Amino acid sequence: MAIDGAPHGPERGTTTCQLHMRSFPDGAEITIEPWRSAAFPVLKDLIVDRAAFDRIVQAGAFVAVNTGAPQDGNALPIPKDDAEKALDAAACIGCGACVAACKNASAMLFVGAKVSHFLYLPQGRVERDRRARNLVAAMDKEGFGNCTNQYECEAACPKEIPVRVIAEMNREFLRSKLREEPPKERLGGDG
Ligand code: SF4
């Protein structure tokens, strides 16, 4: 919920459910509201429907390849920096505060977190092209806006997901488009 206009309230890196009343002065009048975004319709009181996020996740925020039995930890070395980046992105809880904080109701911090989460892990990299294309298409279909670099999402995110994930998402999307096979008619002949 938004508290006094701030998604999740006044404390940085803190969800509403972690917030203590001692964060507010004695006798303060507090205004609480549901998220405001056309893609998150209000169901009742403070409850909004965030199924749009679920549909984006269903479009590709998972690993579909058969990875076999669990690997021994040392059999698949992952550089520490990469592991840290993947885990930072995996901290996203899908709360939607980034959308509520953005004047464009952009979901790019959320979608970027999903892209970044898998990008730095070898198991996730196999499907990177399809994932970037499908997640961006699903995000657009749900009616979320675009990023105009205001960074309100990063400030509101209770998991402190960094805006670098948006740049990574854009880079992955562009890469996937460049690697897309050209339509057959452009190849000439019978293709
Ligand atoms: S990126 Fe942050 S604000 Fe957005 S859904 Fe994930 S945890 Fe919530």
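Predicted model: local features only at pLDDT ≥ 70, side-chain atom pairs only at ≥ 80, totals over all residues.
1. Overall build. Along the sequence the protein reads β-β-β-β-β-α-α-α-α-α-α-α-α, which amounts to 8 helices and 5 strands. A box of roughly 75 × 45 × 30 Å, taken along the principal axes, holds the C-alpha atoms. The protein has 191 residues, and 38% of them are buried. Its accessible surface comes to about 11400 Å², with 50% of that area belonging to carbon and sulfur atoms. Among contacts with a separation of 6 or more, 73% are between residues 24 or more positions apart.

2. A pair of aromatic rings is described by the distance of the centres and the angle of the planes.

3. The aromatic pair of F40 and F144. F40 also pairs with F144, again edge-to-face, at 5.7 Å centre to centre and with 75° between the planes. F40 lies in the loop between β3 and β4, while F144 lies in the loop between α6 (128–141) and α7 (152–156), so this pair ties together parts that are 104 residues apart in sequence. How buried are the two partners, in terms of relative accessibility? F40 has a relative accessible area of 1% and is therefore buried, the cut-off being under 20%, and F144, at 6% relative accessibility, counts as buried by that cut-off too.

4. Which residues of helix α2 (residues 80–90) are buried? They are D82, A86 and A89, and they are on the same side of α2 because they cover an arc of only 65° around the axis. The face of α2 turned away from this buried side carries exposed residues, namely K80, D81 and L87. The cover over the buried residues of α2 includes helices α4 (108–119) and α5 (122–125).

5. S176 in helix α8. S176 has its place in helix α8 (residues 164–178). With a relative accessible area of 0%, S176 is buried, since buried means under 20%. When its neighbours within four places in sequence are left aside, S176 is in contact with D129, A132 and R133.

6. A69, a residue on the outside. A69 is placed in the loop between α1 and α2, and its relative accessibility of 59% is over the 50% cut-off, so A69 counts as exposed. From A69 to F173 the separation is 104 residues in sequence, and in space the two are 30 Å apart, C-alpha to C-alpha. A reader may set this beside the pair of F40 and F144, whose parts are 104 residues apart in sequence and whose ring centres are 5.7 Å apart.

7. Two backbone angles to check. Most residues other than glycine have a negative phi, and most peptide bonds are trans. D4 has a positive phi, near 50°, in a residue other than glycine, and D4 is found in the loop between β1 (2–3) and β2 (6–7). Its relative accessible area of 46% makes D4 partly exposed, because that class lies between 20% and 50%. D45 likewise has a positive phi, of about 45°, although D45 is not a glycine, and D45 lies in the loop between β4 and β5 (47–48). Is D45 buried or exposed? At 61% relative accessibility D45 counts as exposed, since this value is over 50%.

Note on methods. Residues numbered from 1 in each chain as written. Heavy atoms only, no water. Buried < 20%, exposed > 50% of the residue type's maximum accessible area, 1.4 Å probe, protein only. Helix = DSSP H or I, 4+ residues; strand = E, 2+ residues; numbered from the N terminus. Arc of directions from axis to C-beta. Contact = heavy atoms within 4.5 Å. Areas by Shrake-Rupley, 256 points an atom, 1.4 Å probe, with all protein chains shown as cover. Phe/Tyr/Trp six-rings, centres within 6.5 Å; stacked < 30°, edge-to-face > 60°.
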